[in-house]
Amino acid sequence: MNRNEFNKLLQKRILVLDGAYGTEFFKMGYGDQPGVLLNLKHPEVVEKLQKQYVAAGSNFILTNTFSANRPKLKALRAETKFKKINTEAVKIAKRAAGNKALVLGDISSTGEFPEPMGSFSMGKAVDAFAEQAQVLHEAGVDGFIVETISDLKECKAAVLGIRKVTTSLPLIVQMTFAENMRSVTGSSVAIFASWLNDLDVDCVGVNCSLGPEETLKVVKELAVYTNKFISVEPNAGTPKYKDKNLYYDLSPADFAPYVEEFIAAGANIVGGCCGTDPEHIKVISHFARKHKPLSASDKILTPTLSSRTHLQNFLPFTRIGEKINPASSKKFQQEIRNFQFDRITSLASVQKKAGCEILDLNLGIEKLLTAQHFVNLINELDRYSSLPLSLDIQSYEFLEKALFEYTGRPLINSARCFAEDLDFKGKLLKTHGGMLILLAMGKKIPKTAEARVKKILEGLDYLEKMGISSDRVLADPLVMAFGAGKDPGITLKVIRQLNNRGIKTTMGLSNLSFGMKNRDHLNGVFLAQAVENGLTSTIVDPTAQFTANSLQAALTLRGNNPQKAQDLPTENTLVNLILSGDSAKFNQAIETELENATPLEVSQNILGKAMHKIGVLYSKNRIFLPDLMLAAQTAIPVFDKLNSILGENHESKGRILLATVKGDVHDIGKKIVGTVLQTSGYEIIDLGKDVEADRIYQAIKQHRPHLLGLSAMMSTTVGEAAEVVSYLRSKGCRLPVIAGGASMNEEIAIESGCAGYAKDASKAVTLCHQIITR
């Protein structure tokens, strides 16, 4: 099926995906091995389940390749069977589907996040997804589905990888979200949806982690921010584990009412994830036949820009901070050449506090730099949970590299109105998403307002023919130096004429006062005039007080509520220093504390309590995973320094052994928990992933920990926690055990014999303290 046929079909009717694979294999007695290996060992089992889904009414059958990318198979020690597993999966699915259903190549996480949240390079991630997509495509899939992705950058890698292979087949892209409507690495539903609006995908959606009641909230949020088709695959409620049997608590009858609610909220494709079976799919199919899809084609969306964790609605007015620019400082330029980005991250923080919503990134003389400078800096700002970026990069090569690494929906600053520049920038917009600043000039600057407006209209028309709508473009009317005799009235006239046509505008304000005295006052008065004429954005120094006050006043008089400066997460100075990632100032603060307290008191009573407060902020959704990881990376060297001072007098709060259970190759969450526990004063020994019970027992004998932490991400491996506890008890080991992971919950943990359940890193710290000190 080509994409045009796919889109026409979705406009006419609600389509049905299939249900769970892993939990069904578990019920069928094959939970003792990775599901993808059944394609080779027991293909009849896979085909039987898929035929049941077709009989139940599924319009799409997914290939049994959820964990069949090369990095995952390497972790499962099955890398040599990569091609055969994927090829056979397509053959099995096509036999099961016959002429009654279409086959979608199923692609999911590699098990490792791309940098900076993980250790995988973006290039390797894209290549891994492209490699799997190539095999599935050659084997004859009808389309692709990306599912159960919990990191926005990995989601981007999957899309880019698949589209390297083919642009002719339909592509459904789904992420998984927690109850707080954020992904594991902090991206909101709105950020995910608004970013994917730009990309070459056909349908966006959500699957896994949540039951239908919580998933419905995600679908409603998706409908607000996307004009794509919407898909949804909720779990069948909450997982339960009893007498070595795994099941979910929502029956097909209980599941049924939500199907109509999904469709009413805008879903075009409905299926099931963990715990759903052919009976659930029958229910979905029944209601799908009764309803027609809603139309989203005429939806008007608010223009937005985003980073991984920050979403900015562009209207009514957006301030773009200009201070990351080394043009007037040779020392700053040299720091950048030496990959020293502390000043940039500090300026990012200063401008955020001053009220900017977007940060302009200009690295000065680009011939002194390499592509790696841009790759490293984009990842560094992502690690610091930066505001959305405006990429003021002149080199085509460097701009493309920066966009490749960027996580979110950026602003490209800028393009001139001639074919070569528009072709290249337009191609980047279509590949990576985002918005564009369009300069009111070709190869020369028009002298009159009318000529500049004409040039903008020509550029917009050119971009429209490339498939880039005008709502993704900001027109720059060009601000010229007043001191050089240029007339600012021309700029104001251009703004007014563009505003009358409904075209959004921005401008580089500081150009006006270049080389003049009293720049703040001159800029402030002109900015107020520009706002009065309809300006919707400006590139500005947010720390210039008169300019900031003038803008606030102008927006108030225009009837817009002025944006307020960003609030700090807390009033605790030390906590804010840790969260800022400013190691130099943080170290100075600790040195000051050491003048009045012993290293032990600083470690446990001052720094330890600060990290505890950061954990509380995380648990209350005031900060997100990138903030938490940055805080841990900032604090760990200081903890190590204090411990080295203490020497033999140093005592940790306790030794904790961590392991991901047998059969589970996911350990990202466990690593996060280990890092946060370490910053809370615990000694951590991490055994890695896919760890058998006896190896855990041997490690307990060797290291004599105070507590064992087990992680189980997959629904088919939660039962392994009970197996580990049972094995340890059979050996006479009474060590307390806690459990966590995406498919784990408190009921399963207690049923498995664990002493407690840790939902996240913050809860793990609290639980470990309670158990070890009681």
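Figure 1. Strand 4 and strand 5 (residues 171-175) pair in the parallel sense over four bridges, where two strands count as paired if DSSP finds at least two bridges between them. Helices (H or I, at least four residues) and strands (E, at least two) are DSSP runs, numbered from the N terminus. Within this pair, I149 stands opposite M175 in strand 5. Between the two strands the chain passes through helix 8 (residues 152-165), and this β-α-β crossover from strand 4 to strand 5 is right-handed. The term right-handed means that, with the strands pointing away from the viewer, the path from the first strand over the helix to the second runs clockwise. Strand 5 also pairs in the parallel sense with strand 6 (residues 203-207), over four bridges, and I172 stands opposite C203 in strand 6. The model is predicted: local features need pLDDT of at least 70, side-chain atom pairs count only at pLDDT 80 or more, and totals for chains, interfaces and linings use all residues. Residues are numbered from 1 along each chain as its sequence is written, and side-chain values use heavy atoms, with hydrogens and water left out.

**Figure 2. Strand 4 and its pairing with strand 3.** Strand 4 (residues 143-149) is mostly covered, with seven of its seven residues buried; buried denotes under 20% relative accessible area, exposed over 50%, and partly exposed in between (1.4 Å probe, protein chains only). Strand 3 and strand 4 pair in the parallel sense over four bridges. The chain reaches strand 4 from strand 3 through helix 7, in a β-α-β crossover that is right-handed. In the loop between strand 3 and helix 7 lies P116, and the peptide bond from E115 to P116 is cis, with omega near 10°.

**Figure 3. Helix 6 and its surroundings.** Helix 6 (residues 82-97) has 16 residues and reaches 23 Å from its first C-alpha to its last, close to the 22 Å expected at 1.5 Å a residue; the expected span is 1.5 Å times one less than the number of residues. Among its buried residues are F82, I85, V90 and I92. The elements covering the buried residues of helix 6 include helix 4 (43-56), strand 3 (102-107) and helix 7 (122-139), with contact meaning heavy atoms within 4.5 Å. Helix 6 is followed by G98, whose phi is positive, near 55°.

**Figure 4. Two residues with positive phi.** N518 has a phi near 50°, a positive value in a residue other than glycine. This residue is placed in the loop between helix 19 (488-500) and helix 20 (519-532), and N518 is exposed, with a relative accessible area of 61%. R704 likewise is a residue other than glycine with a positive phi, near 50°. The loop holding R704 runs between helix 27 (693-703) and strand 22 (707-711), and R704 is exposed at a relative accessible area of 66%.

**Figure 5. A cis peptide bond at P316.** The peptide bond from L315 to P316 is cis, with omega near 5°. P316 is found in the loop between strand 12 (311-313) and strand 13 (318-324).
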